[in-house]
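Subject: Structure handover

Hello,

Please find the structure below. My notes on its pockets, cavity and helix packing follow.

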Amino acid sequence: MSKKSIEDWLGDEGKEIREDPVRDHFLSRGSLPDLDEILDMFPRTIGDAAFDSAVIAGNIERLKTIPEVNTGHPFLDLSVKTGLAFIDATFQGDHPKYGIRNYGKSIHDGFPPVIIAAVDALSTWGVNARAVQLFRYWLLNFVRDDGTIAYYGPSISEYGQLLHTAALLTERAGVEGWWSDCFGALDSMADYLLRLRVEAEKDGGLIVGSPEADEREKTARYFHNNLWAAKGLFRWAEVCERQKDVSPSTSLNTIRSLAGSLVKDTLAAINDTWSADTADWWLSPQVEPLQSPQHLTETREASYTNYRYWPELLSSGLLPEDMANRIVSARLKAGGQFCGMTRFSSRLDDWPLTDYLYGVWSLGRKADFLLSLYGHVAYHQAEGHLTAYEQVTFPPGKESAAYCLPCQLVAARAARLLVL
């Protein structure tokens, strides 16, 4: 394929595209996305490194992963290792940091996706001792006695994701060195979700809460929040059943019953909200009415739905397959991505991309998985040092928002699925 100018690909600076032209390119050939070809399509993103290259190189040299990082492509391997190396460069000892500059301020330290991404990335590559160390510190320092998170804008979904993270860690690393110390914090978080669910049963069943930190004032009955709350409770019940030395504050039968009814109520609400006409692609992220956008970057609500709320619906694993595929189709035909990367307003923002990648992988959509993973490592990471900024511009890319760790860990988390 001959290299075309970015204007040829995007038209009016990308504002008018609906379907991903890079995806269309591979579909027209009937071939899976190719990383080398994608790397050669556009000018690479450029910008300053988040950390000294010697620090990152030293961290990579000390990495001992199980299994060995071997995805079949050296550049993807380097992206995985670089992501893992950035964890210790970003954290201050065991204390979490979201990123650098403004994102290095202490107000962001408790942001749950930081610890969720770090523990998942480390433990999926067998770096278990460090995963345990970081998770233990976070739970003991950022969970209050009443089960709420000590952070200015936690979403309801993040409580469920943290319970799921605990379950993953028991499965990958066991319980030694953290479980007995952290059980109380986890049990308190589970009870917090259960209290919210019981209270919600008085008014339609769905939990009202913040959808994410930036939109914390816009509390509503969000679908991603409720499905992840249910997923976390199911996982909590699984863990407690396996660990015979603990007794959760709420019985396992009650936990499972409340989680199951929450899933039922949430799916019913989605059915009631989403048009039966499959040509109507827009699924509002909440029960409360929202204006339907013409495309996924037209409004602030649509951009947030595209970049975070829908991906978390997918990653919960609780959507029926037809609903999940319909969400993916909506992203693909309503201007939700470019070269697999997630569009947010006039920019690209991939820090929650792992949720989308986990979702499409579970649906067996390997071509869409590869396109988003390859597009991310090729153009959301800066050339040379591979720093992943939270947001970048369309190619020729540059930093639009500072480096953040969850964006850096997309490759480390998702590429593990390619390694047997």
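Helices (H or I, at least four residues) and strands (E, at least two) are DSSP runs, numbered from the N terminus. This is a predicted model, in which local features need pLDDT of at least 70 and side-chain atom pairs count only at pLDDT 80 or more, while totals for chains, interfaces and linings use all residues. Residues are numbered from 1 along each chain as its sequence is written, and side-chain values use heavy atoms, with hydrogens and water left out.

Cavity

On a 1 Å grid over the protein atoms alone, a cavity is a set of points where a 1.4 Å probe fits but cannot get out; a pocket is an open set with protein on both sides within 12 Å along at least five of seven lines; and lining residues have an atom within 4 Å of a point. Grid points are joined across faces, edges and corners, and a volume is the space filled by probe spheres set on the points.

Searching the whole structure gives 1 cavity of 30 Å³ or more. The largest cavity has a volume of about 30 Å³, and its lining consists of N306, W310, P311, L314, I327, R331 and Y356. Helix 12 and helix 13 are the elements that give two or more residues to this lining, and helix 12 supplies the largest share, 4 residues. By class, the lining of the largest cavity has 5 nonpolar, 1 polar and 1 charged residues. Here Ala, Val, Leu, Ile, Met, Phe, Trp, Tyr, Cys and Pro count as nonpolar, Asp, Glu, Lys and Arg as charged, and the others, Gly among them, as polar.

The largest pocket holds about 530 Å³ of space. It is lined by 33 residues, and the closest to its centre are H164, W228, S315, D355 and Y358. Elements that give two or more residues to this lining are helix 6 (112–124), helix 8 (156–173), helix 10 (223–242), helix 12, helix 13 (321–333) and helix 14. The lining of the largest pocket divides into 16 nonpolar, 8 polar and 9 charged residues.

For the second largest pocket, the volume is about 260 Å³. Of its 18 lining residues, Y98, Y103, D214, Y307 and E390 are the closest to the centre. Helix 12, strand 3 (347–349) and strand 4 (389–392) each give two or more residues to the lining of the second largest pocket, with the largest share, 3 residues, coming from helix 12. Its lining has 10 nonpolar, 2 polar and 6 charged residues.

Helix packing

Axes are lines fitted to C-alpha atoms, for helices over the stretch in contact, and angles run from 0 to 180 degrees between N-to-C directions. Angles under 35 degrees count as roughly parallel, over 145 as roughly antiparallel, 65 to 115 as roughly perpendicular and the rest as oblique.

Helix 12 (residues 300–315) packs on helix 14 (residues 353–362) at an angle of about 40°, with axes 7 Å apart. The two helices are therefore oblique to each other. In the contact (heavy atoms within 4.5 Å), P311, E312, L314 and S315 of helix 12 meet D355, Y356 and G359 of helix 14. That contact has 3 nonpolar, 2 polar and 2 charged residues.

Helix 9 (residues 179–200) packs on helix 10 at about 140°, with the axes 11 Å apart, which makes helix 9 oblique to helix 10. W179, F183, L186, D187, A190, L193 and L194 of helix 9 touch A229, L233, W236, V239 and C240 of helix 10. By class, this contact has 11 nonpolar, no polar and 1 charged residues.

Regards
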